[in-house]
Every structure is written in C-alpha cells, then in structure tokens.
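Here is a short briefing on side-chain packing and surface features. Please look over the sequence and the structure before reading on.

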Amino acid sequence: MHAPTEPMDMMITWQHFEQTDIRVGTIVEATDFLEARKPAFKLVVDLGPLGLKRSSAQITKHYTKEALPGRQVLCVTNLGKKQIGKYISEVLVTGFADENGDIVLAQPAGQVPNGSKLM
C-alpha cells in the first residue's frame, strides 16, 4: 500500500459527493485531436438517456483511436462544458495515471447499461 502523495486537508461531506454525477458510457467515436497542445483524442460517448456527449482525452499512450469504440468508460457528467481550443468538451472521461503519468481509463468491471450512475 502506498502512502498518499498529497495531504487530505479538505474533507467533503457525503452530500457533496452525491452531487457528483458519474455515469457509464460507451465510446462510439474517437478521432485525433490535432489542435491539442498535448496528444489527445476527441471522443463521442453514448451515455444512454443523457445522449451522445463529446470529450477530449489525453489517453494516446495506452490506446489507439481504432481500439476505443465499444469501450465503456466512467464519465463525470455535471461539470459543465469546457472549451479546449476550439473544441467543447461536455463530459470528463475519468482515468488513473500510471507510473509514468500516462492515463489508464476508469471502466466498469463488466458490461452495464449506458447512463448507469456510479453508486
């Protein structure tokens, strides 16, 4: 077990956590984000009842754009839109940094319906 690298000074309440809307979606399209400062893909994610949402993800070290469609991922859906250059990201696709700082996607262990909320 590793010790935390940053102190956990700011605790949040259970109510604050419940306000974070994390849902599963399936990547339906991945294209190169050529205008990005760091290598990234533009993603379209099917979030079921929430519809298709766009996101930008710096995940080019572990994934190819050809291998991403069909993969389920966890997305934060209520952060609002974020402009990245001329691109508007609508959801945050989540992941973890590996030992080199490259992102590995957060995914459910099994197939679940698109739009399912993290409990």
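Buried means under 20% relative accessible area, exposed means over 50%, and partly exposed lies in between, with a 1.4 Å probe and protein chains only. By that rule F33 and Y87 are both buried. This is a predicted model, in which local features need pLDDT of at least 70, side-chain atom pairs count only at pLDDT 80 or more, and totals for chains, interfaces and linings use all residues. Residues are numbered from 1 along each chain as its sequence is written, and side-chain values use heavy atoms, with hydrogens and water left out.

**Aromatic pairs**

- Rings of Phe, Tyr and Trp (its six-membered ring) pair if their centres lie within 6.5 Å; planes under 30 degrees apart are stacked, over 60 edge-to-face, and the rest tilted.
- The count comes to 2 aromatic pairs.
- W14 and F17 have ring centres 5.6 Å apart and planes at 45°, so this pair is tilted.
- W14 and F17 are 3 residues apart in helix α1, so about one helical turn separates them.
- Helices (H or I, at least four residues) and strands (E, at least two) are DSSP runs, numbered from the N terminus.
- W14 is exposed at 61% relative accessibility, while F17 is partly exposed at 36%.
- F33 and Y87 have ring centres 5.3 Å apart and planes at 55°, so this pair is tilted.
- The F33–Y87 pair links distant parts of the chain, 54 residues apart: F33 is in the loop between β1 (22-32) and β2 (41-46), Y87 in strand β6 (residues 87-89).

**Charge over a ring**

- R54 lies over the face of Y87, 5.1 Å from the ring centre.
- The rule asks for NZ of Lys or CZ of Arg within 6 Å of the ring centre and within 35 degrees of the ring normal.

**Surface patch**

- M10, I12, W14 and F17 form a nonpolar surface patch, with about 510 Å² of accessible area together.
- Patch residues have over 30% relative accessible area and no salt bridge; nonpolar side chains (Val, Leu, Ile, Met, Phe, Trp, Tyr) are joined within 5 Å, like charges within 9 Å.
- A salt bridge is a side-chain nitrogen of Lys or Arg within 4 Å of a carboxyl oxygen of Asp or Glu.
- M10 sits in the segment before α1 (14-18) and is exposed at 69% relative accessibility.

**Loop residues**

- T77 is in the loop between β4 (72-76) and β5 (82-84).
- T77 is buried, at 17% relative accessible area.
- The side chains of T77 and D21 make a polar contact of 2.8 Å.
- E66 is in the loop between β3 (52-57) and β4, and is exposed at 60% relative accessibility.

Notes:
Areas by Shrake-Rupley, 256 points an atom, 1.4 Å probe, with all protein chains shown as cover. Polar contact = N/O pair within 3.5 Å; in protein donor to acceptor, adjacent residues only side chain to side chain.
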